[in-house]
Number of protein chains: 6
Amino acid sequence: MKILVINPNTTQSMTDTIGHAAARAASPGTTTVTVQPDKGPVSIESQYDSAFCVPGMLEIIRAAEEEGGYAGYVVACFRDPGLEAAREIATGPVIGICEAAMHAASMLGKGFTVVSTLKRSAKVQYDLARKYGFIDQLMSVRAAGVPVLELEDAHSGAADKVKAETLKAIEEDGAECVLLGCAGMVDLAQRLTQETGIPVMDGVTVAVKMVEALAGLGLGTSKIVSYAQPREKPYTGAFAGNAPGPVRKRAAE
Amino acid sequence: MKILVINPNTTQSMTDTIGHAAARAASPGTTTVTVQPDKGPVSIESQYDSAFCVPGMLEIIRAAEEEGGYAGYVVACFRDPGLEAAREIATGPVIGICEAAMHAASMLGKGFTVVSTLKRSAKVQYDLARKYGFIDQLMSVRAAGVPVLELEDAHSGAADKVKAETLKAIEEDGAECVLLGCAGMVDLAQRLTQETGIPVMDGVTVAVKMVEALAGLGLGTSKIVSYAQPREKPYTGAFAGNAPGPVRKRAAE
Amino acid sequence: MKILVINPNTTQSMTDTIGHAAARAASPGTTTVTVQPDKGPVSIESQYDSAFCVPGMLEIIRAAEEEGGYAGYVVACFRDPGLEAAREIATGPVIGICEAAMHAASMLGKGFTVVSTLKRSAKVQYDLARKYGFIDQLMSVRAAGVPVLELEDAHSGAADKVKAETLKAIEEDGAECVLLGCAGMVDLAQRLTQETGIPVMDGVTVAVKMVEALAGLGLGTSKIVSYAQPREKPYTGAFAGNAPGPVRKRAAE
Amino acid sequence: MKILVINPNTTQSMTDTIGHAAARAASPGTTTVTVQPDKGPVSIESQYDSAFCVPGMLEIIRAAEEEGGYAGYVVACFRDPGLEAAREIATGPVIGICEAAMHAASMLGKGFTVVSTLKRSAKVQYDLARKYGFIDQLMSVRAAGVPVLELEDAHSGAADKVKAETLKAIEEDGAECVLLGCAGMVDLAQRLTQETGIPVMDGVTVAVKMVEALAGLGLGTSKIVSYAQPREKPYTGAFAGNAPGPVRKRAAE
Amino acid sequence: MKILVINPNTTQSMTDTIGHAAARAASPGTTTVTVQPDKGPVSIESQYDSAFCVPGMLEIIRAAEEEGGYAGYVVACFRDPGLEAAREIATGPVIGICEAAMHAASMLGKGFTVVSTLKRSAKVQYDLARKYGFIDQLMSVRAAGVPVLELEDAHSGAADKVKAETLKAIEEDGAECVLLGCAGMVDLAQRLTQETGIPVMDGVTVAVKMVEALAGLGLGTSKIVSYAQPREKPYTGAFAGNAPGPVRKRAAE
Amino acid sequence: MKILVINPNTTQSMTDTIGHAAARAASPGTTTVTVQPDKGPVSIESQYDSAFCVPGMLEIIRAAEEEGGYAGYVVACFRDPGLEAAREIATGPVIGICEAAMHAASMLGKGFTVVSTLKRSAKVQYDLARKYGFIDQLMSVRAAGVPVLELEDAHSGAADKVKAETLKAIEEDGAECVLLGCAGMVDLAQRLTQETGIPVMDGVTVAVKMVEALAGLGLGTSKIVSYAQPREKPYTGAFAGNAPGPVRKRAAE
């Protein structure tokens, strides 16, 4: 099966990091392709950044659907931007990395903390946990005080800050799992799992496995009502080309 | 005070309808300006449509902020698209029409129903009610089975369908207020209030009054953490011009 | 429009403070009248005090309704005493100051703290936030340790204590708005907003604006079921005169 | 032990009905005294009625506390009026009949329905279930369409209406227990339990047993913060005599 | 009436402690019998221990039902193991001691803390509070760091540790009642109530009184659907003798 | 990797059905082994049945852990019996089939219905949805009125009844996914997915894939607090052999 992993920001080095992690996570027989939009923010640290990453991401998914070759999609930003819109145009599963990590954590321990980048993202994590049903299990959101792109810089001390917050999550929050709240932290997860003895998860690898799991069973997004293809209509101006066309019917539907 | 009302879709006749309603609702001393983006969907009936209305809407708010002349903003689509992103770039209050109507209903009666356009929007309304804290008061979401733009057509029978669902909301759901779940229904609210004897609310006029209320007290969006200005960074490709610039500081901050 | 603001306690100086704030908040074209009951507690610091402020407050509203001249009502105590009873006998909106402030805060920031008077009131605030739907947004309730009537005394140090708790709310609770949990703190709100840079709200002024907003749209309390006029029946003893009479019908109903 | 049961309305025949039921429920060694206020509504069917029953009820409890002879109190109206105020002035437990019945039902079956008097009371029951923590277990509130005082009239057909709703609760709501939502229905509970085979509970008898249970263990209301005695202060006008005096200290505190 | 109190672990000295407390709590006219299973863990400190205490406990209840002589049952472990299974085979009420204590606390104060034995039990208490509807009132769970059987040892210092946590619950958590989270702490409750001035409850005595209360009113477990007798079927192997037989019908059903 | 699938009941034909489904679901490189306890109920239709299936299931897991060869476990009964106890003694992930299906459904559609066997199981499903965080997404639980073992009988009409409820779930509940609430329905899932066009899921295959996903990333149950190995202690009587031994330490811990 082929899984399309989308880094919704436009920083190639981060796409590469995500891509390597996704590829390592994939089972034999799974190919992951990791891409980034051709427009939008170089990192996603606000709802404003989120808003401008989504159109490019949706274009990628729509093109991929037209090719017809992907079993499912991963949205590789811990704010899960555009997840529901993506589901409307996809037939396979679409999994966000925050979502995936929260689901996994809730099956592995009683209570998890998210170690995130900046303080301004904390309440977004609470909102997502509430939306997905995991608020009772969210012990805390801790900001490591690291901007997204510093995670790419080996000399930034970012890894140490993330580890420090992970230890505090265990000690002070009673967290039994820790979620690394940024796709850029993907390389830290395995190391911190070993160093702390508890599951420390990045969302990218978990989301890849979740897509494998669901698509492997032939399960896709339910197209019956809420995630049905958008109705055909004109779009104007610079987005004219993004207008939803006639609803495709596939055998599987 | 000047309030900017944004119809996030690109149908001029709907902008006009919203604009007239907003103007009628405004207090003496308030000027409302109603605009629409220069790109995006002609109506918003899916999360995909939502995603493509937001960039144009944010451009409008950002330009308005640079002019510095607006006391606050109304997002005139009942899905409240881009509300949090808008708050990050605004200094005054930003109020969505779904949000405004739900707040108002919760102070006027015990339990409300949303009469919406299409069935596919129903669960979005539940999600919003949950997010805003009003899920206990949301008795039901009823789809009138009317696409957004038919509301513009006097011969479509849309008004009758909306009325029929409003009566069922009272009778079957135990709704004590009814919210009209589309900016295109703004002209029906007053008529249905009189015909049913309960508060039937459109969100546009309520949101205008809520902005008046908050801005009239000198209250604006809290810029301290979650809604702080987005961090300065490059955007690439077609969105390069939307990159957040250096954070402006105003005296009030 | 004329709005009746009721200070439910019987301390004239506090009624004056509230009255001045309400008057300053009112739009041109709005007249506020601020009154207090002719019987009951001099301050409201317990549920027992609440119970004894309500009958006098309801008498005021009932008399006002018979005159027919008020567009709506503000209940100016942060425990929102008697709010639902008041709605049963009013036709216009009836807004409590706790309720108003919580609604406003939830549209301006992500998470608020209430800075209250005494510790014994804290859990009442949690109950109200839960009832109104804002519990997820209530970061904390902080008691300034100031009895209500000390707020009237410029030498009590009360203002400093309230400010200290406001700063802690920002720092320790992650509050993005602060609500001053007593009508007697109304004069501090504007000052603290300026000093802290976040919205610090008293409920009185917000409630006045909310009544203006709703009544300005012709919206009143839904009289259909829960807030219908009380059924006619005898009351005995000292409350005989408070018995609900035949249900009045107004054109608007 | 002596338990004081308060019918908060002023209809003697209803006080008698409640009193007989309370006496039958009491264990050997328990004496129940059932009283009614000397002022207020003849039945409680609105929040307005509630407001005017509370002062007389609190006077009764305060006088009883001064005598010092009661182990605890039952508030015998299914709206649980004034419960928290009563706890502030009582030392023993104070139990509302709605509260008591909901607690009992939640230990005897999975899900209960309240069969109430009038439709206008239904949402009050939902609010109480939410407040007490039983909203997940509240399957429905059904109005028998019977005003409170008709329950006193053997020829009103009220009993049949209550039974019909009880059967629907079992069949249509999946209720496994039924609560009779008015103190006036106390005599029906035992009969309906036998006729339906499920626990059909009135609140009066359950509340008496709950007070017996708690007081029998020497447990009383926690006086430490929220339910501490009201602070001493003047009350004005007709309520001057209700002013809280100096806080009494008892050995047990 | 006869009440069967089951210590689900197999430590005789703890059964004795529980038995004495139950007997002291019982009203005149009530006989309590306290027993323990003939197999299973000597103390219950994990879900695994819970799983192995339940079969023996159910055997006890089933045998008791066949004798037909018990009015109701108490499950005397603060994890409330096997409660729902027990209800399926019982006709009288079955009350868990955690459940009983939480119900009682919620009627006596606003907010309680559980002082438990080991840290690993803390989240079980949160789960139970969530299940029973009391999560809003659960201020905290504090582990005294005392294994269950040390409570039996007068020299272990366990009582002092429990008291220290009780005081912190009052001071730091804002708890207004404290629940002792282990049947082995039953003797401490009365002493700590006196020393702290707030209700400090063990669950055993409260549960006995709750069974007395409900059974005293002729109320039993609702046998209509969820707690109906298990369907007759074979069990295999070592549990063959535990197979549910033909469903007994009693007059009371 | 090797996954151990446990049918907690003792009916061999059902174990076979589950085993075939699990094997079909497994990825290349995964081996599933499906077993059943040597004692306990032939089907699980009550909490009583649940209680007697758990000891045998835990013995299986404990033995498997001692062999050390399994990457994770599936508990193949839709009541998820003994899940938390199992996690305490396992090192790999332990996934229940109800849990797995609910997680999957929540990522594929907005709202699901469970089509279960008997009415008496319905509220157990609500409890599980509440516990796992999916109550907002649980549209309904529908009982097909089919005892578990009839599912094994091709002539029982059970499949038609399950299909009929599945169609009603779509039509009447607004379900966008349907979960088949019994391991015995595993063969119907794929067929109903094709016939209805929405994801119809059995839990067995989803749980196998979830274990593959998590174990494939090297993630196991968090052993730090709540799911730590049970403390060593004696068990008495027939369960003496089940006593937790000294806590094993593995490198991975």
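Two strands pair if DSSP finds at least two bridges between them; strands (E, at least two residues) and helices (H or I, at least four) are DSSP runs, numbered from the N terminus.

## Model and conventions

This is a predicted model, in which local features need pLDDT of at least 70 and side-chain atom pairs count only at pLDDT 80 or more, while totals for chains, interfaces and linings use all residues. Residues are numbered from 1 along each chain as its sequence is written, chains are lettered from A in the order in which they are written, and side-chain values use heavy atoms, without hydrogens and water.

## Strand pairing between chains

Strand 10 of chain A (residues 235-236) pairs with strand 3 of chain B in the antiparallel sense, over two bridges. In this pairing, A:Tyr235 stands opposite B:Pro41.

## Extent of the interface

Contact (heavy atoms within 4.5 Å) involves 45 residues of chain A and 46 residues of chain B. About 3,900 Å² is buried between the two chains, 60% of it on carbon and sulfur atoms; buried area is the accessible area (1.4 Å probe) lost on putting two parts together, summed over both. B:Tyr48, B:Phe52 and B:Arg120 supply 21% of the area that chain B buries against chain A, more than any other three residues.

Eight salt bridges (side-chain nitrogen of Lys or Arg within 4 Å of a carboxyl oxygen of Asp or Glu) link chain B and chain A. One of them joins A:Glu45 to B:Arg231, with the closest N and O atoms 3.0 Å apart.
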